[in-house]
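Me: I'm new to this one and would like a close look at a single part. Please pick one spot where the chain comes back to itself and walk me through what sits there.

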Amino acid sequence: MAARRSRAGAWRALAAALARSRRPGDPGLLDQLSALPRLVVATARGRYTGTSTQRLALMALAAAYVVSPVDLVPEAVFLLAGLADDALVLAWLAGAVLDETSAFLRWERTDGAARGSRDSRGSSRGETVEGHVVV
């Protein structure tokens with residue numbers, strides 16, 4: 001019963017994240033996916049504090065789990081039940097990616113742009129191209 005609730009919660013989170021990504025004026029799915037590498041770099045360098053390296057690591061582990069060939073064994077043995085765990089992890093991952101990249105893109109437009117092209121030490125981070133800082 002608890003597994004059923006967590007699956008439903010993961011699907012609701014994914015649906016909510018997809019709905020938020022389709023609001024007028026918000027970035028599209030391609031923009032969000034292309035922001036993922038910038039999000040990782042900015043978080044690793046400590047410039048962006050809207051997420052943690054632990055959450056990014058969980059997202060990477062979830063992606064690795066879904067594409068892992070070791071995970072094919074449950075699918076071969078349990079058929080649909082084996083696919084359910086992948087669906088649950090994939091739903092969480094998609095929702096997390098959409099949520100994190102949306103927040104990051106908002107940060108880039110406001111706080112990130114307000115800081116200009118200088119990091120906390122005052123050194124230049126690079127030039128701005130189409131509203132994004134190139135490192």
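Reply: Let's start with a word we'll need: a residue is buried if its relative accessible area is under 20%, exposed if over 50%, and partly exposed in between (1.4 Å probe, protein chains only). What you see is a predicted model, where local features need pLDDT of at least 70 and side-chain atom pairs pLDDT 80 or more, while totals for chains, interfaces and linings use all residues. Residues are numbered from 1 along each chain as its sequence is written, and side-chain values use heavy atoms, without hydrogens or water.

The spot I'd pick is Y48. At 4% relative accessibility, Y48 is buried. Y48 belongs to the loop between α2 and α3 (helices are DSSP runs of H or I, at least four residues, numbered from the N terminus). Y48 forms an aromatic pair with F104, with 5.1 Å from centre to centre and 85° between the planes, which makes the pair edge-to-face. For such a pair, ring centres of Phe, Tyr or Trp (its six-membered ring) lie within 6.5 Å; under 30 degrees between planes is stacked, over 60 edge-to-face, the rest tilted. Because Y48 sits in the loop between α2 (29–44) and α3 (53–67) and F104 in helix α5 (residues 80–114), the pair ties together parts that are 56 residues apart in sequence. F104 is buried too, at 1% relative accessibility. Across the whole structure, a search turns up three aromatic pairs.

Y48 and E108 are 60 residues apart along the chain, yet their C-alpha atoms are separated by 9.0 Å. E108 has a partner of its own, R38, and their side chains meet in a salt bridge at 2.9 Å, N to O (a side-chain nitrogen of Lys or Arg within 4 Å of a carboxyl oxygen of Asp or Glu). E108 is buried at 12% relative accessibility, whereas R38 is partly exposed at 22%.

The whole structure holds two salt bridges, and the R38–E108 contact is one of them. R55 and E100 form a salt bridge as well, and their closest N and O atoms are 2.5 Å apart. R55 is in helix α3 and E100 in helix α5, so this pair ties together parts 45 residues apart in sequence. Here R55 is partly exposed, at 26% relative accessibility, and E100 is buried, at 9%.

Now step back to the helix that leads into our loop. α2 has 16 residues and spans 23 Å from first C-alpha to last, close to the 22 Å expected at 1.5 Å a residue (1.5 Å times one less than the number of residues). Along the way there's a kink of about 35° at L36, shortly before the proline P37; that angle is taken between axes fitted to the seven residues ending there and the seven starting there. Several α2 residues are buried, namely Q32, A35, L39, A42 and T43. After α2 comes G46, whose phi is positive, near 80°.

Notes:
Helices (H or I, at least four residues) and strands (E, at least two) are DSSP runs, numbered from the N terminus.
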